[in-house]
Amino acid sequence: MSAGMERLVETTVPTLSEIMPDVIPWNNGSCLNNCSGHGECSNGVCICEIQFEGAECRRTNASYFVGLASVFLTLALVCLVQLVVCCLAEWQRMKAPSLLHACRITTQKLLYFLVFLASSLRGAYFTSPTAFADGWSSSLMSAYYPLLLSGSSLIVCFWAEVFHLRDIRWEKSQFLSKSFLAFATFNLITYSLLVAEFYTIHYLDTSPHLRNFYIHVFNGCYAVLLFIVVVFFLIYGIQVFVKVRAGFLLELETSKNFQYKQIFRSQESLIDTSQLHQSRIGLLSQTLMLSFIIVFLCSETLSEFWKNKLGSTPQPKLA
């Protein structure tokens, strides 16, 4: 690990002029090498982006990458452990244990697997960002967003079934039923974008500047899909966790459902309020995280657009 970190610090990144020779730098100044295209020049001093450091912003910021790699790899390990625990729990409940049946797909297992895969990809990138070619590095980063969309849409579909399909018993682990088609269609669109991005970046004969433009366009598409997911995430999350599900049937006034209303009234005192509040906090934190990612993708896309606009605008000459 120490040798890898030394290589990470010692490795230098290519300059802006090497990557995009046909683009005029937007932060003209008196700094050496124009801050290598990874920072802004202020009074002859480079203010580097957080990923880079040094007088010319040429070296990668090892502490930044090590810190984020540790977070994502720890999360991946936790999800992997939870996935194994789920399989072992099902194995122990079986009268005739079967490995295939214990590893069958359920909503909980698939969610753990998706988070494990997404965290592993991010952890792999932050562990050694300079070990990949520029195109492969961007593809590795972009693959995180479809996995995030898959996990979030899986939660939304599960909550939708909890809300709409009230006759289904959820005590036993299972996979989606009525909402599976919607889940599959949404993910088909999401991963089609990933395949299109991969093909555009690696197989189309485009300039580095145009390739970078395509990356931001696809990131904008991921931001739109994430926004749609967040809307439904809030709609069904509020219905399930803010309005307690046991109270839904209390609105029915027909004599046919009188017995069910009495049962739910008697069970209201058995609701685990501590677990309910934890779920509400989880709902809020997940919504904030997805919202931050949407804002990040949108700001990155729009800033790149305006940066190119400013870079192509003739600079006034000072007297």
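We're looking at a predicted model, where local features need pLDDT of at least 70, side-chain atom pairs count only at pLDDT 80 or more, and totals for chains, interfaces and linings use all residues. Residues are numbered from 1 along each chain as its sequence is written, and side-chain values use heavy atoms, with hydrogens and water left out.

Let's start with the rings. Rings of Phe, Tyr and Trp (its six-membered ring) are called a pair if their centres lie within 6.5 Å; planes under 30 degrees apart make the pair stacked, over 60 edge-to-face, and the rest tilted. That rule gives 15 aromatic pairs. Take F72 and F126: their ring centres are 5.8 Å apart and their planes sit at 5°, so this pair is stacked. F72 belongs to helix α3 (residues 62-93) and F126 to helix α5 (residues 107-127), so the pair ties together parts 54 residues apart in sequence. Helices here are DSSP runs (H or I, at least four residues), numbered from the N terminus.

Y199 and Y203 are stacked too, at 5.8 Å centre to centre with 25° between the planes. Both sit in helix α8 (residues 180-203), four residues apart, or about one turn of the helix.

| Residue | Relative accessibility | Class |
|---|---|---|
| F72 | 16% | buried |
| F126 | 5% | buried |
| Y199 | 47% | partly exposed |
| Y203 | 57% | exposed |

F72 and F126 also belong to one aromatic cluster with Y64, F65, Y125, Y144, Y145 and Y222. Y144 has R122 over its face, at 4.1 Å from the ring centre; for that call, CZ of Arg must be within 6 Å of the ring centre and within 35 degrees of the ring normal.

In the model, residues 143-160 are 94% helix and 0% strand, with end C-alpha atoms 26 Å apart. Residues 213-236 come out at 100% helix and 0% strand, with 35 Å between the end C-alpha atoms.

Finally, L77, L80, V81, V84, V85 and L88 make a nonpolar surface patch of about 500 Å². Patch residues have over 30% relative accessible area and no salt bridge, with nonpolar side chains joined within 5 Å. V85 is in helix α3 and, at 44% relative accessibility, counts as partly exposed.

Notes
Helices (H or I, at least four residues) and strands (E, at least two) are DSSP runs, numbered from the N terminus. Buried means under 20% relative accessible area, exposed over 50%, partly exposed in between (1.4 Å probe, protein chains only). Patches are made of residues with over 30% relative accessible area and no salt bridge: like charges are joined within 9 Å, nonpolar side chains (Val, Leu, Ile, Met, Phe, Trp, Tyr) within 5 Å. Accessible areas come from the Shrake-Rupley method with a 1.4 Å probe; for residues, only the protein chains shown count as cover. A salt bridge is a side-chain nitrogen of Lys or Arg within 4 Å of a carboxyl oxygen of Asp or Glu.
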